[in-house]
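Keep the 3D view open as you read.

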Amino acid sequence: MKIAVSAQGKTLDSSLDPRFGRAAYILVVDTETLEFEAFDNGNNKNAFKGAGIQAAAMVSDKNAEVLLTGFCGPNAFQTLDAAGVKVVSDQSGRVIDVIQKFKQGGAVYAEGANKDGHW
Amino acid sequence: MIISIASGKGGTGKTTVATNLALSIESCVQLFDCDVEEPNVHLFLNPVIHKKEPVIAPVPRIDLEKCTFCKKCMNICRYGALAVLKKDVLVFENLCHSCGGCFEICPENAVMEKDRSLGDIEHGSVKGIAFIQGRLSIGQVMVPPIIKKIRSYTDPNLITIIDAPPGTSCPVIAAMNKADFILLVTEPTPFGLHDLKLAVETVKILGIPCGLVINRVGIGNDEVNRYAEKENIPVLMEIPFDKKIAQIYSRGEMIIEKMPEYKTKFQNLFKKIAQIVGKKEGGK
Amino acid sequence: MRELVILSGKGGTGKTSITAAFASLAQNMVLCDADVDAADLHLILKPDFKKTIEFKGGHEAVINKELCTQCGRCIEVCRFGAVKDSFEIDPIDCEGCGVCVDLCPEKAIDFPETICGQWYISNTRFGPMVHARLGIAQENSGKLVALIRGEAKKLAIKNNLDLILTDGPPGIGCPVIASIGQATAILIVSEPTVSGIHDMERVGQLSKHFNIPAMVCINKYDLNPKQTEKIMAIAQKASMPVVGRISFDQTFTEAMIQAQTIFEYNHQSQASMEVRQIWDNILSLPSFNAPVNPILKHL
């Protein structure tokens with residue numbers, strides 16, 4: 001399964017970026033092989049509006065089924081939800097550790113945004 | 001003739017000057033309340049409103065039957081208001097600036113226009129004045145289209161007085177742009193002076209002649225007068241600081257009605273403005 | 001961390017003077033002047049402008065005359081009427097949407113990034129301050145407000161400060177909405193005038209719309225006792241606690257002229273005592289002491 005993780009760097013060793021729309025990178029990882037692609041989210045990071053929406057559309061585009069992140073705003077959540085991408089929020093730590101934990105199962109999928117809209 | 005009344009700083013007396021000036025002029029006047037975030041003119045004039053119309057802006061609606069999910073609309077939108085997914089397109093109306101890019105670029109004609117309400121404008125009248133005010137809906141942010149809509153009712157045969165919002169950004173520009181004269185209302189305090197300077201810079205960018213009304217004279221110092229002299233901006237009227245005026249205002253009453261000597265003062269103010277505008281027109 | 005945003009709807013009710021007065025009283029605090037259009041707080045707080053950063057808020061279309069064939073496509077697509085018949089773009093009317101840039105068949109329209117203003121990190125005698133100056137006639141005041149509030153938060157986290165005092169803009173539009181998102185509470189500075197009341201009600205509705213608790217203080221309450229009572233009644237009906245009243249006191253203007261807060265100018269003035277009481281009331285208000293989701297602290 002492919003999952004997306006918001007990350008501060010472009011490797012699995014880097015820390016998870018608690019922000020989603022404004023994360024430095026978004027890593028799309030194959031949970032079986034741990035092969036991954038890193039997408040520079042720099043354009044979005046500096047966007048003032050709609051960053052979460054654009055990041056969400058990108059995650060869907062890369063065929064990720066789940067997003068692991070810290071905080072997910074209402075617009076991003078709505079977009080991910082519409083795209084059928086499940087969200088696990090309130091995550092922190094190294095990307096690799098977060099993925100390993102996710103693989104153990106029992107992840108709680110978010111039912112909504114866990115952060116207010118951004119301006 | 002269009003006279004726009006502005007200030008930079010809020011609460012200096014724009015509405016007081018706009019309403020009393022409009023009532024004092026003995027020719028046909030239209031008064032526009034363009035402070036659509038907080039319109040206050042109606043509180044002082046109590047106009048009879050006879051028409052209300054919504055101000056709408058188009059937002060996209062996607063026809064999913066025609067859409068091929070090519071993402072061109074999403075890519076042209078600089079406001080991030082569209083999300084093209086594999087089998088769906090989401091529209092975030094709050095982010096849309098109604099630029100029309102998505103309508104234009106869609107190769108399948110799958111983008112339709114849908115109306116979104118930004119606020120409304122009301123037409124009314126009071127004491128021979130034609131009155132129009134705008135009102136931004138709570139939670140909406142698109143102010144300039146409402147101001148532009150109000151100003152589309154400008155009648156060139158009348159004297160148009162515009163009560164502008166405070167500040168120096170887009171809403172103020174929409175209320176000042178293409179006016180014949182800008183009357184800046186300030187108060188003789190450090191805040192008043194600082195924000196006056198910003199307002200004067202704004203007026204300079206627009207290249208419109210301006211003059212000053214100094215309100216609450218006596219409350220602070222004379223730095224505003226010195227600045228006006230240095231910048232060669234005419235001081236057209238001074239209103240002294242008077243608790244009686246403040247109380248008249250607090251009750252929503254008109255100065256010229258409670259202190260009739262002010263009627264002549266506001267008429268003189270108008271004469272001076274007309275002279276400056278006349279000279280400029282004559283010089284053309 | 002808590003953030004108090006001071007608003008009024010109507011301008012000139014005393015937001016900035018009261019924010020400055022609070023700065024005299026508050027501990028462990030970052031100041032944020034979110035009235036980026038006509039910022040005045042610095043006139044009292046005299047910040048040192050330690051760091052100045054350009055604010056790039058948007059783009060502006062410019063037609064390259066050498067490439068332009070005057071086909072008129074830009075005039076046709078511009079919804080803002082910004083393209084003149086002379087094939088020049090009026091920067092005042094241009095919204096920066098870039099539609100003409102993308103649709104010009106000759107690719108003859110440049111789209112340079114515009115510098116819309118500056119923002120600053122400063123020190124003041126009361127603590128660090130983040131403030132800004134939006135360029136004249138520029139757009140995107142909301143973005144700049146959001147940016148400096150974010151910076152104020154970062155600064156607070158870095159320096160272990162637990163309060164942000166934000167001086168908000170007038171009105172209820174774009175910059176105001178940008179100034180209240182995720183705030184702990186809003187203090188509405190009202191005045192007993194017909195317009196003060198009307199505008200307070202609109203801000204009250206806005207705070208409800210965005211679900212942020214609001215409280216009210218009445219400045220110049222003795223100017224019109226009847227209207228003051230009306231404010232109390234309206235506030236109560238809207239479940240906005242009234243945290244205090246301030247007399248019509250020239251101390252505010254006198255202090256402003258000296259670039260001082262009212263406490264520095266005369267800590268025993270009527271207004272000083274009343275503002276002190278208001279500050280104590282705010283600090284003990286339940287809505288200002290609600291527990292914050294601890295993870296939100298890192299945002």
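**Where chains B and C meet**

In this predicted model, 60 residues of chain B are in contact with 61 residues of chain C. Between them, the two chains bury about 5,000 Å², and 59% of that lies on carbon and sulfur atoms. Look for B:Glu38, B:Ile138 and B:Phe191: they supply 15% of the area that chain B buries against chain C, more than any other three residues.

What about polar contacts and charges? The interface of chain B and chain C holds 27 residue pairs in polar contact, counting pairs with both residues at pLDDT 80 or more. Which parts of chain B supply the side that touches chain C? Several elements each give at least two residues, including α2 (41–45), α4 (101–105) and β7 (129–136). Helix α7 of chain B gives the most, with nine residues. Sort the residues on this side of chain B by type and you get 25 nonpolar, 23 polar and twelve charged.

Five salt bridges also cross the interface of chain B and chain C. As for C:Asp102 and B:Arg78, their side chains meet in a salt bridge, at 3.3 Å from N to O.

Now for salt bridges elsewhere. Over all chains, the whole structure has 24 of them. In chain B, the side chains of B:Glu187 and B:Arg216 pair up at 2.4 Å, N to O. B:Glu187 sits in the loop between β9 (181–186) and α7 (190–206), while B:Arg216 belongs to strand β10 (residues 210–217), so this pair ties together parts that are 29 residues apart in sequence. Is B:Glu187 buried or exposed? With a relative accessible area of 9%, B:Glu187 is buried, because the cut-off for buried is under 20%.

C:Arg73 and C:Glu76 meet at 2.6 Å, N to O, and both lie in helix α3 (residues 73–77), three residues apart, about one turn of the helix. C:Arg73 is partly exposed at 23%, whereas C:Glu76 is exposed at 55%.

Over in chain A, salt bridges that share partners join A:Asp13, A:Arg94 and A:Asp97 into one network. A:Arg94 is partly exposed at 37% relative accessibility, and A:Asp97 is partly exposed at 39%.

Finally, step back to chain C as a whole. Its domain assignment gives domain 1 (2–55 + 116–298) and domain 2 (61–111), and the C-alpha centres of these domains lie 41 Å apart.

How values were computed: Residues are numbered from 1 along each chain as its sequence is written. Chains are lettered from A and ligands numbered from 1 in the order in which they are written. This is a predicted model: local features need pLDDT of at least 70, side-chain atom pairs count only at pLDDT 80 or more; totals for chains, interfaces and linings use all residues. Side-chain values use heavy atoms; hydrogens and water are left out. A salt bridge is a side-chain nitrogen of Lys or Arg within 4 Å of a carboxyl oxygen of Asp or Glu. Buried means under 20% relative accessible area, exposed over 50%, partly exposed in between (1.4 Å probe, protein chains only). Helices (H or I, at least four residues) and strands (E, at least two) are DSSP runs, numbered from the N terminus. Domain bounds come from an automatic or database domain assignment. Contact means heavy atoms within 4.5 Å. Buried area is the accessible area (1.4 Å probe) that two parts lose on being put together, summed over both. A polar contact is a pair of N or O atoms within 3.5 Å; within protein, one must be able to donate a hydrogen and the other to accept it, and residues adjacent in sequence count only if both atoms are side-chain atoms. Ala, Val, Leu, Ile, Met, Phe, Trp, Tyr, Cys and Pro count as nonpolar, Asp, Glu, Lys and Arg as charged, and the others, Gly among them, as polar.
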